[in-house]
Amino acid sequence: MSRLAVPKTYKLYIGGAFPRSESGRTYEVLAADGSFLANAALASRKDARDAVVAARAAVSGWSGATAYNRGQVLYRIAELLEGRRAQFVAEIEETEGVTRAAASAQVDEAIDRWVWYAGWADKFAQVAGNANPVAGPYFNISVPEPTGVVAIVVPQDSSLLGFVSAVAPALVAGNSVVAVASERFPLSAISLAEVLATSDVPKGVVNVLTGSPAEIAPWLASHADVNALDLVGAGALDWVSLEIDAADTLKRVLRPESGPDAAAPALGRIAAFTETKTVWHTKSLR
Amino acid sequence: MSGTSLVSARERAIAVLGGEPDDATLRRYLHGIAGVDAVGLEQRAAGLGTRSIKTSSKQWALDRIIELIDLTTLEGADTPGKVRSLVAKAVNPDPSDASTPRVAAVCVYGDMVPYAIEALGGAHGDPDDGLISVAAVATAFPSGRASLDIKLADTAEAVAAGADEIDMVIDRGAFLAGRYGLVFDQIAAVKEACRRPDGTSASLKVILETGELVTYDNVRRASWLSILAGGDFIKTSTGKVAPAATLPVTLLMLEVVRDWHLATGQRIGVKPAGGIRSSKDAIKYLVTVAETVGEEWLQPHLFRFGASSLLNDVLLQRQKIASGHYSGADYVTID
């Protein structure tokens, strides 16, 4: 006798909890062959609003943690990912319809990338910051500081790697994130959220919305309490008008990328969501 | 604003009670009031909280909430500067939108009243005229643990400084010990101290501090007691004790006010204070008021919110409606 199937309903990840969409809507996630895989929440604008509130509340704690501590917390996520790699491999195989080897390679690369960014947490400020030369008995020091809440439309054609490539760099500097997952491949993003929920990442630092980026992104782009907008996966959307919306509240914006090198690991992705703070301090004249 | 006259309040109390308001008479009367159905009360409050208020109704509600706010700062660290910035916010809550109404009053400690009045200038007056009243907490706020003389001096000083409204605390210790006569006499005496030399009187809000009264029955008795003794308003809490205002407690107090109005024709105000931080919660209170005592109570002389952070949330909601996109804390003042 076969067991009764227990299909999973994937929920949102907001403020450290897994709520259903406020709207009660769901949509079917299909496998590559068109068969039913799972139900996922179809987030509404109010879910996006709640996610921004949660992210805003998390900014002071996460950005106030020491860079070393943030690095440790991020590295710990890579450890947890490693422990659940079988689940991620199976999910990617099913949703993307790729071979086990290709799915394994994607998980490996996602974990490696996460480790790479984690390592930058306590090294980034040394590289991006500077002691500026000035004509006087002063220190003049520039340091990168997190910009605040970053809304991200993650790459849409990848389940895990795209999500990691877009979310990890925003976290490194101390931002909190509202990520709109891939509409077609949302399962890995929510599974990753389950990893985050059991890691040391404070609640609200990462929030994951599943559903239609075309529906949610404009609300995030125009939201006055969002400080930056990463449109890396928004190539198929009307991203120019999103950029225009974002300009109204002077958000930092990263434009869409496509191709195999989309969201490739780079210091620039960390620097994009920082503000440079420059301070003067008197030098001792002996 | 002028309150009810003391003589008529006392006479009415004697008529209602059937005797002098001493411990025994009040005890007989207050304990004769039917007990509160706690489950039913909470269910009713929860039911009223589920109403969906949208679009133009919501817009109306948000503006009305602002008009009903007692913008409050009651910190040990209050300075004249803090009071001035509070007043600036009360007069012009949202500088980016001139259509924003003003709040009903500012609520401060008694010694801050002169600074509030000076800062208000021409904006000081009756909320019915679009002006802003000054409310002062008195009678050894928030604990109420002081002798009657000190409480009266505290009150008289605030009234002399120009306060339009006095928020007094009842002696919860005496109430819980069953000394209802003492509580009655203190409220009546403070009411007398609210009188100004010209014969008018500052409006008296009586704070029950429902969080310390433990049971709904006690809240109902304290509400009756405060109204009998001459309070113009009954107020839930000081904001210094948790739980502060809750919807069931406010509903219960509104029911007492409704019953009093039916019995005597006199309208008493209600002021939930403390813990109301979101527009969504505040709208639930508006619904509760309208459904319990009627929409005519939704005016500054009969209903107030004691709040500080609520105003910012209402302003964010107004900005959302006006602009079509979500606003953020960077677009309202910090305090």
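**Exercise 1. Which residues in α4(B) and α14(B) meet?**

Before we start, note that this is a predicted model, in which local features need pLDDT of at least 70, side-chain atom pairs count only at pLDDT 80 or more, and totals for chains, interfaces and linings use all residues. Residues are numbered from 1 along each chain as its sequence is written, while chains are lettered from A and ligands numbered from 1 in the order in which they are written.

*Solution.*
- Step 1: From α4(B) take Gln59(B), Leu62(B), Ile65(B) and Ile66(B); their partners in α14(B) are Leu311(B), Val314(B), Gln317(B), Arg318(B) and Ile321(B). Contact requires C-beta atoms, placed from the backbone, within 7 Å.
- Step 2: Sorted by class, the residues of this contact are six nonpolar, two polar and one charged. Here Ala, Val, Leu, Ile, Met, Phe, Trp, Tyr, Cys and Pro are nonpolar, Asp, Glu, Lys and Arg charged, and the others, Gly among them, polar.

**Exercise 2. Describe how α4(B) and α14(B) pack.**

*Solution.*
- Step 1: Locate α4 at residues 55–67 of chain B and α14 at residues 310–323 of chain B. Helices are DSSP runs of H or I with at least four residues, strands runs of E with at least two, numbered from the N terminus.
- Step 2: The helices pack at an angle of about 150°, and their axes are 10 Å apart. Therefore α4(B) is roughly antiparallel to α14(B) (an angle over 145 degrees, taken between N-to-C directions on a scale from 0 to 180).

**Exercise 3. Is Thr278(A) buried or exposed?**

*Solution.*
- Step 1: Find Thr278(A) in strand β11 of chain A, residues 274–282.
- Step 2: Thr278(A) has 11 C-beta neighbours inside 10 Å, so it counts as exposed. The cut-offs, for other C-beta atoms within 10 Å and with C-beta atoms placed from the backbone, are 20 or more for buried, 12 or fewer for exposed, and partly exposed in between.
- Step 3: Setting aside neighbours within four places in sequence, Thr278(A) is in contact with Asn140(A), Ile141(A) and Ser142(A).
- Step 4: Gly233(A) lies 45 residues from Thr278(A) along the chain, with 32 Å between their C-alpha atoms.

**Exercise 4. Summarise chain A as a whole.**

*Solution.*
- Step 1: Chain A has ten helices and eleven strands.
- Step 2: Of its 286 residues, 48% are buried.
- Step 3: Among contacts in chain A with a separation of 6 or more, 75% join residues 24 or more positions apart.
- Step 4: Along its principal axes, the C-alpha trace of chain A spans about 85 × 40 × 35 Å.

Terms used. Angles under 35 degrees count as roughly parallel, over 145 as roughly antiparallel, 65 to 115 as roughly perpendicular and the rest as oblique. Two residues are in contact if their C-beta atoms, placed from the backbone, lie within 7 Å.
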